[in-house]
Each structure stands twice: as structure tokens, then as C-alpha cells.
Amino acid sequence: MQYVNLNDGNKMPQLGFGVFQVSDLSQAEQAVSDALDVGYRLIDTAAAYGNEEAVGNAIKNSGINRDEIFVTSKLWVDHFTYEKAKQGIDDSLKKLGLDYMDLYLLHQPYGDVAGAWRALEEAQKEGKIKSIGVSNFAPDQLMNLELMSNVKPAVNQIEVSPWYQEHNEVAFNEQQDVQTEAWAPFAEGKHNIFTNETIANIGKKYGKSNGQVILRWLIQRGIVVIPKSVHKSRIEENFDVFDFELSSDDMKTMNSLDKHESQFFDHRDPAAIESIFGASLKALRN
């Protein structure tokens, strides 16, 4: 396993396992158990995923020492106040059955970000969280948080895939010494990503699948990546990406595939913010 060094002195596996949209708890627990058995040591969940308990059960039953597993969870926007964030942190710890989380993220850049971040800073001092970070923050939002805070985010988890490569955003994170982590590296299969001929031709050179080429491309960009699957064969395949290296020409070819648009929704679009996060944000007033 390769690791990256975070700006707070902690280290983080560069390849991890995500459980977004695995709502069946028994399936989620089995998937995490399979991932840990294969060799993954970074597990990424979130309060909004509704499967923290399943993740915790898999970790507890794995027989692996706790300090060998890097556990990430995230705070949803309906807890973005100072007091509610403190409660959200404790709720995640309780559901996971852990004394601490290795990384805890503000899941979105909306609501009382300052108040929620202050709660994360305090929880880090108390030892409840080792590293704190954000998710889906654009460069200006990340800079705003840095300027108003005592602790710089260690990680910014954003959408990065061959169709949405975010080169400027990744470069800004790097400039700020904030580690980029990619969610949805396979764009959930959109635009036939697993059979794309250009990626497949690269894969043939190394005896690798499209998915493995994509993960390798992200790793060589210095990005942490968290692919998801509930099939052990695919979980194993996604882990088998450390025995080859893409050439500079292959990296350029991958870079040429950028569609320059989110494969899900624009986080800066007011209508999208209202539609997806409006109810959660309005709930904070009650």
C-alpha cells in the first residue's frame, strides 16, 4: 500500500474503499469485510450514507488492529452548527463503535461552515478525530475556510474522474498543502467508462482493466481514491494497481478525455443547492 503524508503529520492510504449508496446494512458490512480481507486499510463512509454501524461492525469483526485501519466519516449539512456538529461527531463515533476517527470531513460547503468547523477543531484537540477536512469545497470556499480558521483542512474530497478531471482544483489543493481525495472515480459507469476504447487500449499494454487504468492514473496524479463495489472480485481487481505504472504518454492520453463537467451536478448552481440541500439547511432553523 502507498501512503500520502497529510499537512498535520498523519499519513493516509492512497487507495481506499467507499460505501456510498450501499444502503443495505448487511451488504455494506460484507463489502467492508471483503475489502479489509483483500488488503484495503482506508474505509470511507458518512453520516448521510446511513451505514456507519455496518462499517463499524466490519472493522470490529475483522481482527485487524484498530491503528492499522484509517476510518473516514463525514458530517451532513443538517448538523452544520457548532452544537449540532459536536453531537454529530459523537453520533458517528457511537455508530462506528470507535474511540476516534482518523479523518472527519464537512460533507458539503453550505450552512454554518464556520461553526461546524470549530466543533471539528475542538474534537481534534480532544482526540476524537486525528485529521479534519472538507468535501466538495471549491478553491474560493477552501480559502475562505482557511482564512477564518485555526486549523487548515488536511483533505478536500472532490469529484474526480476521467470525465471530470479538475486539474485546476487539484493544483490549488496541492498549492495549499491540502490532499485531494477523489470520489466517484469511475463516474458510476457513465459514458461507458468501463468499455471506453481509449482507456481499454492503454490497459492492454499492461494487462489491466479500464478500472485499474483509471485508478492508476489518479494515483500517479498524487490523488487519494476510494472506489466502491459490493462484488469481491471487483474489490480485488481495484486493489491490484500497484504493480504497473502508466507512461507519460498514457497519462497525457488519459488527460485528453476530460469533458470538463460534473457527471452529477454543479455544486455552484443555486437551483441544485436548493433542490439537494435545501431541506437539510432549512431544518437547522427548527
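Glu-188 is partly exposed, with a relative accessible area of 44%, a value that lies between the 20% under which a residue counts as buried and the 50% over which a residue counts as exposed. The structure described here is a predicted model, and the angles, distances and areas reported below are therefore computed from a prediction. Glu-188 belongs to the loop that runs between strand S9 (179–183) and helix H7, and its phi is near 55 degrees, which is a positive value in a residue other than glycine. Most residues other than glycine have a negative phi. A positive phi, of about 55 degrees, is also found at Glu-166, although this residue is not a glycine. Glu-166 sits in the loop between strand S8 (155–159) and helix H6 (167–175), and its relative accessibility is 13%; because buried means under 20%, Glu-166 counts as buried.

Helix H7, which spans residues 197–206, has Ile-199, Ile-202 and Gly-203 as its buried residues. When the helix is viewed down its axis, these buried residues fall within an arc of 100 degrees, and they therefore line one face of H7. The face turned away from this buried side carries Glu-197, Lys-204 and Lys-205, which are exposed. The cover over the buried residues of H7 includes helix H8 (210–220) and helix H10 (248–255). Features can also be described at both ends of H7. At its start, a side-chain oxygen of Asn-196 comes to within 3.1 Å of the backbone nitrogen of Thr-198, and just after the helix, Gly-207 takes a positive phi of about 70 degrees.

Asn-210, a residue of helix H8, is buried, with a relative accessible area of 6%. When residues up to four places away in sequence are not counted, Asn-210 touches Ile-193, Phe-194, Thr-195, Asn-196, Ile-199 and Ala-200.

On the H8 side, the contact is made by Val-213, Ile-214, Trp-217 and Gln-220, which meet Met-251, Met-254 and Asn-255 on the H10 side. Sorted by class, the residues of this contact comprise 5 nonpolar and 2 polar residues, with no charged residue.

A further helix pair is formed by H2 (residues 52–61) and H3 (residues 82–96), whose axes come within 7 Å and cross at roughly 45 degrees. This angle makes H2 oblique to H3. Here Glu-52, Glu-53, Val-55 and Gly-56 of H2 meet Ser-92, Lys-95 and Leu-96 of H3, and by class the contact has 2 nonpolar, 2 polar and 3 charged residues.

Lys-228 lies in the loop between strand S10 (224–225) and helix H9 (232–239), and with a relative accessible area of 35% it is partly exposed. Although Lys-228 and Gln-21 are 207 residues apart in sequence, their C-alpha atoms are 9.2 Å apart in space. Residues up to four places away in sequence being left out, Lys-228 touches Phe-17, Gly-18, Val-19, Phe-20, Gln-21 and Val-22.

Lys-130, in strand S7 (residues 129–135), counts as partly exposed at 39% relative accessibility. Apart from neighbours within four places in sequence, Lys-130 is in contact with Asp-8, Asn-10, Tyr-100, Met-101, Asp-102 and Gln-124. The C-alpha atoms of Lys-130 and Leu-246, which are 116 residues apart along the chain, are separated by 33 Å.

Terms used. Residues numbered from 1 in each chain as written. Predicted model: local features only at pLDDT ≥ 70, side-chain atom pairs only at ≥ 80, totals over all residues. Heavy atoms only, no water. Buried < 20%, exposed > 50% of the residue type's maximum accessible area, 1.4 Å probe, protein only. Helix = DSSP H or I, 4+ residues; strand = E, 2+ residues; numbered from the N terminus. Arc of directions from axis to C-beta. Contact = heavy atoms within 4.5 Å. Polar contact = N/O pair within 3.5 Å; in protein donor to acceptor, adjacent residues only side chain to side chain. Nonpolar A, V, L, I, M, F, W, Y, C, P; charged D, E, K, R; others polar. Axes fitted to C-alpha atoms, helices over the stretch in contact; angles between N-to-C directions. Parallel < 35°, antiparallel > 145°, perpendicular 65-115°, else oblique.
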